[in-house]
Amino acid sequence: MQEALVVRRETHIAAPPAAVFALLTDPEKILRWMGTEAQIEPQPGGLYLVNVTGARFARGSFREVVPVHRLAYSFGWDGSEIVPPGSSLVEIDLIEQPDGTLLRLTHTGLPNADQCAGHAEGWAHYLGRLAEVAGGREPAPDPWSGRV
């Protein structure tokens, strides 16, 4: 795998790992920072399905779930031939720090540099919203709502 085709993001979140983990795995809590509907079954083999913008469903399945520490799930887009459901892998590690949590995200298996750039932009956008919610603030309405 080419290193150039890996999306990496690190975000400091002013909340403990358990709170961040809940925001990543509880369907109702996910909707506070991303998406319009979600079906999440956070167990190995369980479904990951989020209508991210109200117009695009991300779909995959959980590969690894270590409560409050780590998530790994396959990822792709319904109806996409470029990044079909389950064709890439998202790994999220939550590292406890004295003032909160370091969220470390790695997204691999994307097919080309354009897809990496687009997904890097998407992760930056939504992880910023996650950090706001985890820090006790409500983000503004998602400007990406309806985006395909």
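E121 is partly exposed, with a relative accessible area of 43% (partly exposed sits between buried, under 20% relative accessible area, and exposed, over 50%, using a 1.4 Å probe and protein chains only). This is a predicted model, where local features need pLDDT of at least 70, side-chain atom pairs count only at pLDDT 80 or more, and totals for chains, interfaces and linings use all residues. Residues are numbered from 1 along each chain as its sequence is written, and side-chain values use heavy atoms, with hydrogens and water left out.

**Salt bridges**

- Side chains of opposite charge can pair when their charged atoms come close.
- Here a salt bridge is a side-chain nitrogen of Lys or Arg within 4 Å of a carboxyl oxygen of Asp or Glu, and that rule gives seven of them.
- E121 pairs up with R147, with 4.0 Å between the closest N and O atoms.
- Because E121 lies in helix α3 (residues 113–134) and R147 in the segment after α3, this pair ties together parts that are 26 residues apart in sequence; helices are DSSP runs of H or I with at least four residues, strands are E runs of at least two, and both are numbered from the N terminus.
- R147 is partly exposed too, at 36% relative accessible area.
- R59 makes a salt bridge with D78, and the closest N and O atoms are 2.8 Å apart.
- R59 sits in strand β4 and D78 in the loop between β5 (70–75) and β6 (88–97), so this pair ties together parts 19 residues apart in sequence.
- Both ends are partly exposed: R59 has 30% relative accessibility, and D78 has 33%.
- R70 bridges to E91, the closest N and O atoms being 2.7 Å apart.
- That pair links distant parts of the chain, since R70 is in strand β5 and E91 in strand β6, 21 residues apart.
- R70 counts as buried, because its relative accessible area is 18%.
- Salt bridges with shared partners join E64, R70, E91 and D93 into one network.

**Around T53**

- T53 is in the loop between β3 (47–51) and β4 (57–66), and its 7% relative accessibility makes it buried.
- A polar atom of the T53 side chain lies 2.5 Å from the backbone oxygen of R147.
- Setting aside residues up to four places away in sequence, T53 touches T36, Y126, W144, S145, G146 and R147, where contact means heavy atoms within 4.5 Å.

**The nonpolar core**

- A nonpolar core is a set of buried Ala, Val, Leu, Ile, Met, Phe, Trp, Tyr and Cys residues joined through side-chain atoms within 4.5 Å.
- The largest one has 39 residues, and L24, W33, Y48, I92 and L103 touch the most other members.
- At least two residues of this core come from each of β1 (7–13), α1, β3, β4, β5, β6, β7 (100–108) and α3.
- The biggest giver is α3, with nine residues.
- Neighbours within four places aside, Y48 is in contact with M34, Q39, I40, A58, R59, G60, S61, F62, Y73 and F75.

**Around V20**

- V20 is found in helix α1 (residues 17–25), and it is buried, at 0% relative accessible area.
- Not counting residues up to four places away in sequence, V20 touches I13, A15, L94, T101 and L103.
- From V20 to A113 is 93 residues in sequence and 29 Å in space, C-alpha to C-alpha.

Terms used:
Polar contact = N/O pair within 3.5 Å; in protein donor to acceptor, adjacent residues only side chain to side chain.
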